[in-house]
There are 6 protein chains.
Amino acid sequence: MLIRVINPNTTASMTRSIGRAAERVAAPGVIVQAVNPGSGPASIESHYDEALAVPGIVEEIVAGDAEGVDGYVLACFGDPGLLAAREIAHGPVVGMAEAAMRTAAYLGRSFSVVTTLARTIGRAQDLAVQFGVAQACAGYHAIDLPVLEVDTDPATYASLLEACRRALAGDRSDVIVLGCAGFAGLAPTLQNDLGAPVVDGVAAGVATVRGLIDQGLSTSRVLEFARPPAKEYAGTLSRFAL
Amino acid sequence: MLIRVINPNTTASMTRSIGRAAERVAAPGVIVQAVNPGSGPASIESHYDEALAVPGIVEEIVAGDAEGVDGYVLACFGDPGLLAAREIAHGPVVGMAEAAMRTAAYLGRSFSVVTTLARTIGRAQDLAVQFGVAQACAGYHAIDLPVLEVDTDPATYASLLEACRRALAGDRSDVIVLGCAGFAGLAPTLQNDLGAPVVDGVAAGVATVRGLIDQGLSTSRVLEFARPPAKEYAGTLSRFAL
Amino acid sequence: MLIRVINPNTTASMTRSIGRAAERVAAPGVIVQAVNPGSGPASIESHYDEALAVPGIVEEIVAGDAEGVDGYVLACFGDPGLLAAREIAHGPVVGMAEAAMRTAAYLGRSFSVVTTLARTIGRAQDLAVQFGVAQACAGYHAIDLPVLEVDTDPATYASLLEACRRALAGDRSDVIVLGCAGFAGLAPTLQNDLGAPVVDGVAAGVATVRGLIDQGLSTSRVLEFARPPAKEYAGTLSRFAL
Amino acid sequence: MLIRVINPNTTASMTRSIGRAAERVAAPGVIVQAVNPGSGPASIESHYDEALAVPGIVEEIVAGDAEGVDGYVLACFGDPGLLAAREIAHGPVVGMAEAAMRTAAYLGRSFSVVTTLARTIGRAQDLAVQFGVAQACAGYHAIDLPVLEVDTDPATYASLLEACRRALAGDRSDVIVLGCAGFAGLAPTLQNDLGAPVVDGVAAGVATVRGLIDQGLSTSRVLEFARPPAKEYAGTLSRFAL
Amino acid sequence: MLIRVINPNTTASMTRSIGRAAERVAAPGVIVQAVNPGSGPASIESHYDEALAVPGIVEEIVAGDAEGVDGYVLACFGDPGLLAAREIAHGPVVGMAEAAMRTAAYLGRSFSVVTTLARTIGRAQDLAVQFGVAQACAGYHAIDLPVLEVDTDPATYASLLEACRRALAGDRSDVIVLGCAGFAGLAPTLQNDLGAPVVDGVAAGVATVRGLIDQGLSTSRVLEFARPPAKEYAGTLSRFAL
Amino acid sequence: MLIRVINPNTTASMTRSIGRAAERVAAPGVIVQAVNPGSGPASIESHYDEALAVPGIVEEIVAGDAEGVDGYVLACFGDPGLLAAREIAHGPVVGMAEAAMRTAAYLGRSFSVVTTLARTIGRAQDLAVQFGVAQACAGYHAIDLPVLEVDTDPATYASLLEACRRALAGDRSDVIVLGCAGFAGLAPTLQNDLGAPVVDGVAAGVATVRGLIDQGLSTSRVLEFARPPAKEYAGTLSRFAL
């Protein structure tokens, strides 16, 4: 089984870190490949970045399908282009926010999301509504750190741990959901230090898509997610014509 | 990894059929054991049956924990006793309705539930609200067949297939969710005949709990799902004192 | 008119206190009997206790129906087994949480629930959704006292009064709903001291079921709440076969 | 105990019929008086009628308070002026739609509303949201008969019975809620003919307000429903200055 | 184009101030007239005032239709009588709360309402639900000032500015909605001082109704908002018979 | 005042038709320019097309801001890239679905959406939730016509009229919302033939953004919609670095 984890930004060091987190849930017979597009934003911190990451994601899916990929994980907590990806990918596609928040729902009544920048909380709220977990999400918290400083800033872990503690107590919640792919590697240590479940969406996404493939399930082609009608694409985007 | 699938009714032939469906998603290193309690209803077709299936489920969890079970699946579409089971089981517990409906949400916008008796639809609606998938559930349909006749009635498959076809068309939905553990073995054939994803909650439950275990996740003990306070139990239920 | 108030735990002193609260709203021609099962938990403080209280409730309903009871009140704020009870009881069945929260809705825009243990708040939230009062419930508050210490702890009243005051002010709510049958006797004094309506679900339940009986109304048998299909019950639960 | 049932329209024959329905649930020691204002619409069939019925209702409450009335029922399914009435009445105030729809919720999962004119369905939907029963209301049905012809048209009963039958079957609902005070007298016969519970809001309102009074409960004066600030009223409405 | 802005209270100085705020968005060819009824409450600060303002509003609409008014704005944040007004007015009718809250939704994810008296917040919450903006409304705040002191109290602006600042920060919201027609003139200065959009419902209402008229749109007469059935009105309200 | 209406697809004939519809609501002093990007899909009929239309929209906004555009309308019923557009545009941005559905809410209780392809209904439902009008939307209907055949197929009007008639009757709705920019020119004739309000989102969008500009309102920069953080964009998308 071949699972492709797409980091939708173009920062290779983050892709490697995502790959390591994904490996944690790879089982015998499961190959996980972490990739990122060649074009697009270096990090995703706004609706603008989110939208402009989608062409790169599409290219990674088209390439993955050509290589026989069985299923995809989108490794950015905004789940950019998720519905478009489902229309075109051959196998199932799982967003990391979707997987993280639904996974958390199996572990308690409510969860708190802890993320990087406060301006991205609105997007997480929209996704929580879309995924039916708005009621279960007890609070959204930001540690005010740019995405690309997560890896390099040595104070990240302490700051994140403190934010998680405050979130659990202040929200009276049961579970922490990490709201950035950059946090993926920190989940096990955090869970240990907090004494509460910590869900990393990269691992949750890989576990979920693996389960779908094992069940023989993929995106329904009955109606909304049938292959898009073929048509002309003009100008610099002409390569995207299906 | 040892996963126990609990059929909450006392009909052994149904337990065996559930076990076969569960095996479909067992992976290398995963042992799935299908069990049923020694006391309780022969089938679950009412709120009354649902409630009185819980003592038997509790006994199967206590026994499972003693045997080192890593995680549980409740194999009845009413997810009886799910929250109580979470409080006492050592590992994660997943209900088959919960797993089926959340799994369906990865495959399209909406799903239709097809079940046995119309009187159980209310329970499914309550669960859909609890699991955050009420919006995604486009309709509930019953084929008006008692649970224990599913296996023995040769007309079941034709009737079920027809109900699924009508559900997809009438609800304009993307996915079928099978609303009875008795249907578990029929999912692959149905999916083939319908040309649309068919989710069986037994397989979905096993895949989900396996994924949780692989991620190192279990029920949060922070607040609501901490171990229940110890206390006296009187009379014929005294063996349930924790 | 004969109304049976079922205390679902097995502590007789609590049953007597519930009986006294129920008497407050008995009218000429209305006989209220407070009972508790012989088997089950000594108090209800978890989903586990809640679930295992149901067999005892069922026995009290079967016995009550044999005695000609006209209607039932379930006197535990978790309303355990409410839907199962409706299926089998001859007359109407009202849960105390259901009655308390709906009664509060006639008295103002919003109410605050004050209960014993924080771990039971999740159950109250689920019930608020089920009963359509989630929007009206402005907050849930716990005084962190085990149920069986409510009667014996002389500091209970002061602690409860203080929690109610904080709830009204902090939630900007209009009404207090007492979230434990053990508090039933304290409602009139609390209302007096707070200067705001205080709803005790035992009294609210008796008033509500009496009103249903006076209107000639009982549970609909049209579909979901028709009598459960007869079937075999195995093992130690065989006496529950209908 | 003195309960005043206010028919908000000015048609005396309808007031008498409402009075008879209210008497059905009067108990020993309970006096029910049915009244109507001297000014306002002859029937209530629009938002316009609804709004212009309120001054008359206010006058009936002011007069009732002067006579020592203990509680009020508003006997029009639109519950006109309910919140204003709560602000000024000394005792509790219950709307008939509010009482009917909440009462129905004790009897099954869902109910169907059957009313006179289709144009009033929107108002009923707004009330269902306000009272937290929108989820429980499975459908709204109109028999297309002006309110004042209900009493005089001999075909009313047959037409209503037929509409109730279609509603129960088509909505898969458990209970009928009668959506017009003009139907009040027909509830017992309808219930008998349908074999399903039929809730008349006049009786439900009287039973509810009686229960509130017995519990010593009335509208909270803490915040929103404190007595309105005194002020000048100009012109033809100057008598309404508090 | 002739737009009538109805101040539903009888205080002429407030009508003039509303008129000035309305003028801010009048365009070439648009005449805005601000009026108030001759009878009714001097200010609107309760459900009672709200209800008794409606007869005066009706009179202003009947008079306006006779003068050829093209559309109406109701200039009180409780939108009193909005649905009744729609039934009878010839052109479109827009409430100022409705327009303000929907306008705010174009400017960010969430808004905070800042109003005069805390007791009116419940009404604003009801309207937010009715208009579909409950999710977008992040908080309601009161400055505890009677409506008629807004103009005369020199400390109003400072107090309002401070409340808006606290609302934006505490609610993490994007936009301020002014919750009283008395605040209308202060919006531009507040917006300047806050550095965040401030929506005044009088201006929003005029802009909205002007847009509807330009599009050739008015209230649908298909069903609920068809002209009310003609009928007798008794007593002092007889002039309201249609 | 300069308003730019962006047709997000690259079909110039559709842009011209949208421009004509927009002109209908241009007032004295308002210049409306209809444009389309040079690169991207020829029509928008899937999530895939929707996502890949965003780079073109971004380019049109950057160009518009350079020309001094005061506000934008996105003229595709999927409102592609709306939140990203709000982050970067200098003035307010209004989506045509957003404007159409909110405008319809002023005209009655409920509306029906009539669109081209059934597969786009899911997107409209997501938007209805996002804009708070899900409750008001009574139904979604498709005429099964590719977007680019709307103009050329002579049977379009008859088919659309018939679908609108069925929608109003079957949904018991008050208003039609046209769910495709290609229908914009047909609104006045449809409204005339149906005898019910017909809202075209292009006109509604222009009227709305004009109103915002007249009120001095634009997107809040307080938090989520502040200008995105500057960063590197790699590869073929490097021109999108802010």
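**Close-up views of a predicted model**

**View 1. The contact between chain A and chain F.** In this predicted model, the contact draws 42 residues from chain A and 41 residues from chain F. On the side of chain A that touches chain F, the elements giving two or more residues are β3 (40-41), α2 (47-52), α3 (54-66), α4 (82-88), α6 (121-130) and β10 (233-234) of chain A. The most is given by α2(A), which provides six residues to the side of chain A that touches chain F. Sorted by class, this side of chain A comprises 21 nonpolar, 12 polar and nine charged residues.

**View 2. Strand pairing between chain A and chain F.** Strand β10(A) pairs with strand β3 (residues 40-41) of chain F in the antiparallel sense, over two bridges. Within β3(F), F:G40 is the residue that stands opposite A:A234.

View 3. Four strands of chain F form an open sheet in the order β2-β1-β4-β5, with parallel pairing. Strands β2 (31-35) and β5 (93-95) of chain F stand at the edges and have a single partner strand each, so one side of each lacks a neighbour in the sheet. From one strand to the next, the twist averages 20°. Strand β1 (residues 2-6) of chain F runs parallel to strand β4 (residues 71-74) of chain F and is joined to it by four bridges. F:R4 has F:Y72 of β4(F) opposite. Helix α1 (residues 12-23) of chain F packs on the sheet and touches β1 and β2 of chain F, its direction making about 160° with that of β2(F). Helix α5 (residues 96-104) of chain F lies across β4 and β5 of chain F and runs at about 70° to β5(F).

**View 4. Packing of two helices in chain C.** Helix α5 (residues 96-104) and helix α9 (residues 201-214) of chain C pack with their axes 8 Å apart, at an angle of about 90°. Helix α5(C) is therefore roughly perpendicular to α9(C). From α5(C), the contact is made by C:M96, C:A97, C:A99, C:A100 and C:T103, and from α9(C) by C:G201, C:V202, C:A204, C:G205 and C:T208. The residues of this contact divide into six nonpolar, four polar and no charged.

**View 5. The two domains of chain A.** Chain A is divided into domain 1 (2-97 + 203-240) and domain 2 (98-200). The centres of these domains of chain A, taken over C-alpha atoms, are separated by 22 Å. Their contact takes 28 residues from domain 1 and 25 residues from domain 2 of chain A. On the side of domain 1 that touches domain 2, at least two residues each come from α1 (12-23), α2, β5 (93-95), α5 (96-104) and α9 (201-214) of chain A. The largest share of that side is the six residues of α1(A).

How values were computed: Residues numbered from 1 in each chain as written. Chains lettered and ligands numbered in written order. Predicted model: local features only at pLDDT ≥ 70, side-chain atom pairs only at ≥ 80, totals over all residues. Pairing = 2+ DSSP bridges. Axes fitted to C-alpha atoms, helices over the stretch in contact; angles between N-to-C directions. Contact = placed C-beta atoms within 7 Å. Nonpolar A, V, L, I, M, F, W, Y, C, P; charged D, E, K, R; others polar. Parallel < 35°, antiparallel > 145°, perpendicular 65-115°, else oblique. Domains from an automatic or database assignment.
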